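Here is a short tour of a protein and its DNA partner. Have the sequence and the model open side by side as you read.

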Amino acid sequence: MGKLSDHAQDVSMTCTKRPSRQFFRRDPVTLGRALLGQKLVRVIRGRRLAGTIVETEAYLGAIDKAAHTYGDRRTDRNKSMWADGGTAYVYFTYGMHHCINVVAKRVEDPEAVLIRALEPLEGLAIMRRNRRAAKQDTDLCSGPGKLCQALAINHQFDGSDLINGQQLFIELFRRRAYPARQIAVSPRIGIAYAGRWAHKPLRFFLTQNPHVSKGS
DNA sequence: CCCGTGATTTAT
DNA sequence: TAAATCACGGGG
């Protein structure tokens, strides 16, 4: 009998169901907390690559200076942010990295949650092959660009549905959200340009989880 | 600390 | 059309 996962002290707490649309149609702060402990799953040639979400950030739409949707700027890159809750917004940045967001709220409400880190659970051998630079398993998915490289997530998934997707989707792994006392909160990473928005407590992560990014 | 790398955005 | 920027990661 192996050691029990940090995310599931008890198997009766776990499940493998697709979330409902309503799960995603919440504000990005609530969704950012609710996504912690849930699974992001990528299927490649019948093999599952998956990890539990351990770090997220909320982006608050047109008013949020750190968001790509600040000032309601709607462009070809960010248009999936206006889709329904549960849609993926995948973008390419710094000439080499992809990042994935989970759209929150409803159609025409451009709010989202950035997935910043996973604890790898399934398909680690393939993740290690996808992430040659990783020296240890805590380097596989401990950052938004790293996890997209590990799971081979790219622009083809921009605008895709994370509820009914076949190659990329979210599975409810925890039946209940983590209690607030197990979630640490901090300012978001990499948005120093955003004035007062740079200081807001919109980053959420599992306390003491070694797979969280080293950003802070 | 610095730099790669290229799409996107902003300035001229 | 040109320049600057970037929700990052890797290597000193």
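## The surface at the DNA

The surface near DNA strand B is made of two nonpolar, four polar and two charged residues. Here Ala, Val, Leu, Ile, Met, Phe, Trp, Tyr, Cys and Pro count as nonpolar, Asp, Glu, Lys and Arg as charged, and the others, Gly among them, as polar. The residues in question are Arg73, Thr75, Arg77, Thr93, Tyr94, Gly95, Met96 and His97, where "near" asks for a heavy atom within 4 Å of the strand. This is a predicted model: local features need pLDDT of at least 70, side-chain atom pairs count only at pLDDT 80 or more, and totals for chains, interfaces and linings use all residues. Residues are numbered from 1 along each chain as written, chains are lettered from A and ligands numbered from 1 in the order written, and side-chain values use heavy atoms, without hydrogens and water.

## Backbone and base contacts

Of the atoms of DNA strand B within 4 Å of the protein, 50% belong to sugar or phosphate and the rest to bases. On the phosphate side, a polar side-chain atom of Thr75 sits 2.8 Å from a phosphate oxygen.

The bases meet protein backbone: a polar backbone atom of Tyr94 is 2.5 Å from a base oxygen, and one of Gly95 is 3.3 Å from a base nitrogen.

## Helix 4 and its neighbours

Which element gives the largest share of the lining of the largest pocket? Helix 4 does, with four residues. Helices (H or I, at least four residues) are DSSP runs, numbered from the N terminus.

Note on methods:
Helix = DSSP H or I, 4+ residues; strand = E, 2+ residues; numbered from the N terminus. Polar contact = N/O pair within 3.5 Å; in protein donor to acceptor, adjacent residues only side chain to side chain.
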